[in-house]
Amino acid sequence: MNRARIIGYATSIVKHESLEGQKLLIAQPVGTDGTTPEGDPSIVFDKIGAGVGDLVLITSDGSYTGLEIIGTRLTPARWGVLGIIDSAKKADNLG
């Protein structure tokens with residue numbers, strides 16, 4: 001599970017049949033500050049309504065993405081949005 005910022009949308013005319021009608025977003029993994037890019041952007045599948053600018057939790061668990069977002073394990077989809085982060089705060093002192 002990673003934090004990412006949604007930076008755009010993607011469209012695809014030709015795709016695997018399991019991906020018909022799925023919402024594709026471009027997610028840039030970010031650091032704990034929510035803004036510093038960490039790694040390359042990925043295409044993620046979204047069922048919960050994330051949009052450009054949203055800070056989200058993404059997963060590379062193909063089983064979750066396949067069953068919960070796409071609706072079948074028989075899909076090449078890997079990355080999916082787990083949730084939209086409303087706020088996050090790092091605790092300065094945990095003990």
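**Entry 1: the fold.** I read the elements from the N terminus on and wrote down β-β-β-β-α-β for the protein chain. That gives me 1 helix and 5 strands. I remind myself here that this is a predicted model.

**Entry 2: the chain as a whole.** I looked up the extent of the C-alpha trace, and along its principal axes it spans about 50 × 25 × 20 Å. Of the 95 residues, 35% are buried. For the accessible surface I noted about 6,100 Å², with 50% of that belonging to carbon and sulfur atoms. I also checked the contacts with a separation of 6 or more, and 53% of them join residues 24 or more positions apart. Then I turned to charge: there are 9 positive and 11 negative charges, and their mean positions are 2 Å apart.

**Entry 3: the helix.** Which residues of α1 are buried? I found Thr65, Gly66, Ile69 and Ile70. They cover an arc of only 115° around the axis, so they sit on the same side of α1. Next I asked what the buried residues of α1 pack against. My answer is three strands: β3 (42–46), β4 (55–59) and β5 (80–84).

Entry 4: At the N-terminal end I found a cap from Asp61, with a side-chain oxygen 2.9 Å from the backbone nitrogen of Ser63. Just after the helix I came to Gly71, which takes a positive phi of about 100°.

**Entry 5: Thr65.** I picked this residue from α1, which covers residues 62–70. Is Thr65 buried or exposed? Its relative accessible area is 0%, and since buried means under 20%, Thr65 counts as buried. I then listed its contacts, leaving aside neighbours within four places in sequence: Phe45, Thr59, Ile70, Ala77, Arg78, Trp79 and Gly80.

**Entry 6: Ser12.** For contrast in setting, I went to a loop. Ser12 lies between β1 (2–10) and β2 (23–29). What does its side chain meet? I found the backbone oxygen of Val14 at 2.8 Å from a polar atom of the Ser12 side chain. Last, I took the spacing to Gln22: Ser12 and Gln22 are 10 residues apart in sequence, and their C-alpha atoms are 9.9 Å apart in space.

Key. Residues are numbered from 1 along each chain as its sequence is written. This is a predicted model: local features need pLDDT of at least 70, side-chain atom pairs count only at pLDDT 80 or more; totals for chains, interfaces and linings use all residues. Side-chain values use heavy atoms; hydrogens and water are left out. Helices (H or I, at least four residues) and strands (E, at least two) are DSSP runs, numbered from the N terminus. Buried means under 20% relative accessible area, exposed over 50%, partly exposed in between (1.4 Å probe, protein chains only). Contact means heavy atoms within 4.5 Å. Accessible areas come from the Shrake-Rupley method with a 1.4 Å probe; for residues, only the protein chains shown count as cover. Lys and Arg count as positive and Asp and Glu as negative; His and the chain ends are not counted. The place of a charge is taken as NZ of Lys, CZ of Arg, CG of Asp or CD of Glu. A polar contact is a pair of N or O atoms within 3.5 Å; within protein, one must be able to donate a hydrogen and the other to accept it, and residues adjacent in sequence count only if both atoms are side-chain atoms. The arc is that of the directions from the helix axis to the C-beta atoms.
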